[in-house]
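I will go through the model element by element and write down what I look up.

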Amino acid sequence: MSLLEDIRAAADAVRSCEEVTIISHIDADGISSEAILAQALSRDGIRVSTTFVRQLDPLTLDQIPDDSSLKIFSDLGSGQQQMLLEKGLDPSRTIIIDHHVSQPAEHGDPFIEVNCLNHGYEKMSAAGVSYLLARELDSINTDLAKLAIIGNIGDMMDREHLCLTGPAREILQDGVRQGTVELWEHDLNIYGISTRPLPQSLAYSDDMDIPGVSRDPDGAGKFLERIGITLVQPNRWPVWEDLSFDQKQQVCCAVIEQMVAHGKDTGRLFADHYIFPDEDKHQASLRNASEFATMLNSCGRWQRPELGGAICRGDRVVAYREAEHMLRNHRSKIREVMLYITDTGVTELSHMLYIHVGGRFPDTIVGIGAGMALSRLNPEKPILIMCEDSLDPSMTKISMRTRPEVVSKGVDLQQALTLACEGREGCSGGGHRIAAGAFIPKEEERAFIEDVNRILAQQYAQSCQDHR
């Protein structure tokens, strides 16, 4: 079957039901997926209830109501189909909407699965798949394209090519036609274009190495002053979104000159940005897809995914105010993780870096902090970070992050962690090539790390052989 046929099969199952329970992940992709599905179903007069989970395991499966409602798993489920079957879920009354590696149950009827990865679409998230289902249910749901873009960006579907591609780009065009999205093509590749003072955006870009600017906000400020970009008020720099076209050109030309003069690679200097003109500039954290996704992530990572869902549904008063406070705390804690990693130092193996942070930080944010720390370490090697599992002290949570250039050399973190989990009781892993995670018993830590390093070495070797 094609992806479209899978979507139509799921749509038929939805149309035949009166009540749906959505079980969704707690990150930006899961939250936006849930918001898309819940709104589309409600418009069809279907009763909807939602359960957010950090992961699918026997403990969280107990949170799923044992009733006659159609169950829709969003941004999870594809890799846990055997577990769902053993739980007693009816495959004909269960829809899985996902973009992770699929592992069908060994016996029994197949679940209704809509998974873009099964059809070769690697650069689309679960929110994108949820949107395609919503659009199939009713074309009125094209107004939800904006949420799909947020989910795609939140799950870094633009990270490799610095723009959305394939079906995710088609969804983007729906948003542009709706007037809820503006596409800024081939713009400067920085984060925080609506909220961050420009020196910080330049200094902390993960993809640019600008001598005298990168990792040095004061140096970035002096760099901007030299080219005529100055404070708009005492102690207040402009944000990128506030600059005129000519000022942006001025900054871009100066950055290129600085990088070329020092022999730096400019290949990842420009990227697409996705702006939401319908969002108030006084609520700038929602003005573009990257920062909107960060706010949703902050809600989910601090156990308030329903707050992110309320924002996706349009709450710009109570939910937004609370989420804004949560976002400030989220950013502060992630920075603490990043600084702890860089100050403490990592252990470097032949093909990876690793560090154990124990119970110092919430296990929901350590992976984000590790990803941010990479630019200050050895970006040529993936980083593996371990911490205590907040739900089970006998387990260790593992998060891995790497950069697109490393993925292009044959590294696949999802495969590495999945293979390392094989044959180990109580271990489970999954994710994507660029970012993945696992849960392992504490006593397995040392052996697990050695296996992951060995598997990464094999991936590099295989890639080199394939390119001969």
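Entry 1, pairing. I started at Lys-71, whose bridge partner in β4 is Thr-94. Strands β3 (residues 70-74) and β4 (residues 94-98) run parallel and are joined by four bridges. I take two strands as paired if DSSP finds at least two bridges between them. Helices (H or I, at least four residues) and strands (E, at least two) are DSSP runs, numbered from the N terminus.

Basis. This is a predicted model, in which local features need pLDDT of at least 70 and side-chain atom pairs count only at pLDDT 80 or more, while totals for chains, interfaces and linings use all residues. Residues are numbered from 1 along each chain as its sequence is written, and side-chain values use heavy atoms, with hydrogens and water left out.

Entry 2, the parallel sheet. I read the strand order of the open sheet as β2-β1-β3-β4-β5, five strands with parallel pairing. β2 (47-53) and β5 (112-115) are at the edges with a single partner strand each, so one side of each has no neighbour in the sheet. From one strand to the next the twist averages 15°. Between β1 and β2, which run parallel, I find seven bridges. His-25 is opposite Val-53 in β2.

Helix α1 (residues 3-15) lies across β3, β4 and β5, at about 135° to β5. Axes are lines fitted to C-alpha atoms, for helices over the stretch in contact, and angles run from 0 to 180 degrees between N-to-C directions. Helix α2 (residues 28-43) packs on the sheet and touches β1 (19-25), β2, β3 and β4; its direction makes about 170° with that of β1. Contact means heavy atoms within 4.5 Å. β1, α2 and β2 form a right-handed β-α-β unit; the crossover has that hand if, with the strands pointing away from the viewer, the path from the first strand over the helix to the second runs clockwise.

Helix α7 (residues 166-178) has 13 residues and should span 18 Å at 1.5 Å a residue; its end C-alpha atoms are 19 Å apart, which agrees. The expected span is 1.5 Å times one less than the number of residues. Which residues of α7 are buried? I list Pro-167, Ala-168, Ile-171, Leu-172, Asp-174 and Gly-175. They cover an arc of only 155° around the axis, which puts them on the same side of α7; the arc is that of the directions from the helix axis to the C-beta atoms. Glu-170 and Arg-177, on the other side, are exposed. Buried means under 20% relative accessible area, exposed over 50%, and partly exposed in between (1.4 Å probe, protein chains only). The buried residues of α7 pack against α5 (126-137), α6 (145-154), β6 (182-188) and β7 (270-275). Just after α7, Gly-179 has a positive phi of about 85°.

In α5, 10 of the 12 residues are buried, including Tyr-131 and Leu-137.

In strand β11 (residues 395-401), seven of the seven residues are buried. Met-395, Lys-397, Ser-399 and Arg-401 point one way and Thr-396, Ile-398 and Met-400 the other. Side chains in a regular strand alternate between the two faces of the sheet. β11 pairs antiparallel with strand β10 (residues 383-388) over six bridges, and a hairpin of six residues joins β10 to β11. Strand β13 (residues 435-441) also runs antiparallel to β11, with seven bridges; Ser-399 has Gly-437 as its bridge partner there.
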